[in-house]
Amino acid sequence: MTRKQKKLIAGITVCSLMTGIYPAANAMHIMEGYLPVTFCIAWGVLCLPFAAAGFLKIKKTLAENPRAVTLLAMSGAFIFVISSLKIPSVTGSCSHMTGTGFGAILFGPCTVSVLGIIVLVFQAVLLAHGGLTTLGANTFSMAVAGPFVTYGIYKLCQKCRANRKAAVFLAASLGDLFTYCVTSVQLALAYPSESGGIAASAVKFLGVFAPTQIPLAIVEGLLTTAIVICLEAFAKSELKLIGYKGEA
Amino acid sequence: MIIIDRLCYTSGLRYVNAMEKFVFSMLTLLLCVSSRSVTAAVLVLFVTGILTVGKGGIPLSRYIRLMSIPLVFLFLSTAAVLVNISRTPLDAFAIPFGSFYLTGSVKGILRGAQLILTALASVSCLYFLSLSTPLTDILGVLKKLHVPGLIIELMLLIYRYIFITLHTASAILTSQKSRLGNKNLRTARKAFAAMAGSLFILSVRRSCALYDAMEARCYNGRIQVLKEERPARYSEIFCIAGFEVFLFALIVVLKCKNSI
């Protein structure tokens with residue numbers, strides 16, 4: 001074997017090992033106890049304004065229409081269940097959706113931030129995905145940053161009269177990718193690299209999680225598109241109930 | 001259906017005062033995360049493990065399997081903390097890659113080990129709470145801590161609806177599987193989307209019906225139920241306080257010793 005062939009084989013081995021050791025690719029919840037206390041508090045404080053805005057919005061909705069309470073709760077449960085079910089993924093390994101991007105398209109980002117916090121608490125306590133000390137950081141990446149980007153892209157595409165399927169796909173998958181980038185930066189801020197500081201560390205975290213998160217973002221985009229199309233075809237009256245505007 | 005939820009109802013610690021369990025796990029968690037001390041982490045890992053498995057009666061194999069859920073994240077991100085890419089090799093190990101090195105320092109490896117132990121100990125604290133206290137009891141604790149009523153109400157309803165929705169979803173998935181809905185990736189993706197769509201429609205319809213049913217029983221925005229009071233025992237409070245003080249003292253002593 002020549003040197004080149006040896007290198008090639010080594011590269012292939014590394015790649016196959018990399019895909020082999022991912023038994024379950026979850027959305028990227030930072031696990032319990034992984035962040036230092038100062039970062040836990042800082043991210044929590046950063047989420048407060050969004051949570052407060054969402055809380056007031058929900059309060060206003062309920063004052064106008066008390067029936068919305070079961071609808072909101074059912075939506076929260078729906079997001080939890082969708083994110084806890086295995087989805088058919090590229091490599092055949094089991095992975096899970098984030099679900100919050102989909103929620104943002106249906107309910108709007110403010111409502112999703114409050115529902116997202118509750119769903120994250122349930123995920124931590126019932127499924128051991130994420131944790132209570134890292135709740136603030138996870139909320140910021142999954143229930144605030146991701147949904148806002150999804151919603152922004154979705155609205156932007158609607159303004160430009162882009163293809164609907166493309167709009168939903170772009171919004172959901174880019175929102176997912178943004179969540180993954182934010183989480184990597186959060187980890188990098190807490191653990192800067194010994195050579196190269198925060199930026200180098202962010203690149204490392206991005207690289208390590210890329211094999212799971214990039215396929216996941218694409219699958220999430222495809223699935224969200226299919227679900228939204230399916231809903232618009234069959235659930236017009238239900239969508240009106242939750243205040244979803246659709247193609248308008 | 002959700003394994004942690006099922007186990008916590010059968011735990012031997014289920015009928016201990018919920019506030020005690022909550023305070024114990026949160027204080028231990030905070031001490032663990034804020035100190036990052038290896039000794040404290042090992043101690044916490046043992047104590048919560050013994051409490052959950054020994055006192056709570058959760059099968060050991062189950063407990064170990066549950067502890068391995070976050071291992072993928074732990075493994076990957078600790079690898080990212082340990083390994084550096086740089087032009088100059090560090091002191092512990094260095095694998096050359098062209099003009100760069102995949103390299104790490106002894107200090108970094110120690111820090112990684114510390115991180116792994118702290119994270120595992122924290123997860124064991126979380127498991128102590130979630131494997132001994134049903135979510136409805138935790139909501140009772142949150143109420144005492146003055147979390148807004150609206151949030152608690154939403155949490156209670158969501159908790160109830162999770163099981164209804166999961167039940168519907170699993171029924172749909174079973175019928176899809178029996179019709180070869182997951183034959184290949186294309187059909188599997190189609191089937192999943194169809195399942196999510198009909199799940200959403202069913203959920204919305206059911207939520208409307210549920211509101212009617214609740215309103216017929218005089219629902220006015222609060223579900224009021226009588227709580228079963230389980231007063232805290234002095235011996236238990238004493239043990240918890242003793243343990244936390246011991247842990248705190250241990251951490252302080254170790255910190256002082258290291259700084260000298």
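This tour moves from chain A to the interface with chain B and then to selected charged residues of chain B.

The model is predicted, so local features require pLDDT of at least 70 and side-chain atom pairs count only at pLDDT 80 or more, whereas totals for chains, interfaces and linings use all residues. Residues are numbered from 1 along each chain as its sequence is written, chains are lettered from A and ligands numbered from 1 in the order in which they are written, and side-chain values use heavy atoms, with hydrogens and water left out.

**Stop 1: chain A**

Helices (H or I, at least four residues) and strands (E, at least two) are DSSP runs, numbered from the N terminus. Along the sequence the order is α-β-α-α-β-β-α-α-α-α-α-α. Chain A has 248 residues, of which 58% are buried; buried denotes under 20% relative accessible area, exposed over 50%, and partly exposed the range in between (1.4 Å probe, protein chains only). Among contacts in chain A with a separation of 6 or more, 74% join residues 24 or more positions apart, a contact being heavy atoms within 4.5 Å.

**Stop 2: the interface**

Next, display both chains and select the residues in contact: 75 from chain B and 78 from chain A. The two chains bury about 6700 Å² between them, and 81% of that area is on carbon and sulfur atoms. Buried area here is the accessible area (1.4 Å probe) that two parts lose on being put together, summed over both. On the chain B side, pick B:Phe73, B:Phe192 and B:Phe200, which lose the most area to chain A and together make up 12% of what that side buries.

The interface has 9 residue pairs in polar contact, both residues at pLDDT 80 or more. A polar contact is a pair of N or O atoms within 3.5 Å; within protein, one must be able to donate a hydrogen and the other to accept it, and residues adjacent in sequence count only if both atoms are side-chain atoms. Helix H9 of chain B contributes the most to the side of chain B that touches chain A, with 22 residues. By class, that side holds 53 nonpolar, 14 polar and 8 charged residues. Ala, Val, Leu, Ile, Met, Phe, Trp, Tyr, Cys and Pro count as nonpolar, Asp, Glu, Lys and Arg as charged, and the others, Gly among them, as polar.

**Stop 3: salt bridges**

A salt bridge is a side-chain nitrogen of Lys or Arg within 4 Å of a carboxyl oxygen of Asp or Glu; over all chains the count is 4. Across the interface there is 1. Select A:Arg67 and B:Asp212, whose closest N and O atoms are 2.7 Å apart. A:Arg67 lies in the loop between helix H2 (37-64) and helix H3 (68-84) of chain A and B:Asp212 in helix H9 (residues 185-216) of chain B, so this pair joins two chains. A:Arg67 is partly exposed at 34% relative accessibility, as is B:Asp212 at 40%.

Within chain B, go to B:Asp137 and B:Arg14, a salt bridge at 3.7 Å between the closest N and O atoms. B:Asp137 sits in helix H7 (residues 135-144) and B:Arg14 in the loop between helix H1 (3-10) and helix H2 (18-35), 123 residues apart.

**Stop 4: B:Glu244**

Finally, select B:Glu244 in helix H10 (residues 234-259) of chain B. B:Glu244 is buried yet has no salt bridge, and the nearest side chain of opposite charge, B:Lys21, is 15 Å away. For such charges, Lys and Arg count as positive and Asp and Glu as negative, while His and the chain ends are not counted. Show also B:Phe24, B:Leu27, B:Thr28 and B:Leu31, which B:Glu244 touches, residues up to four places away in sequence being left out.
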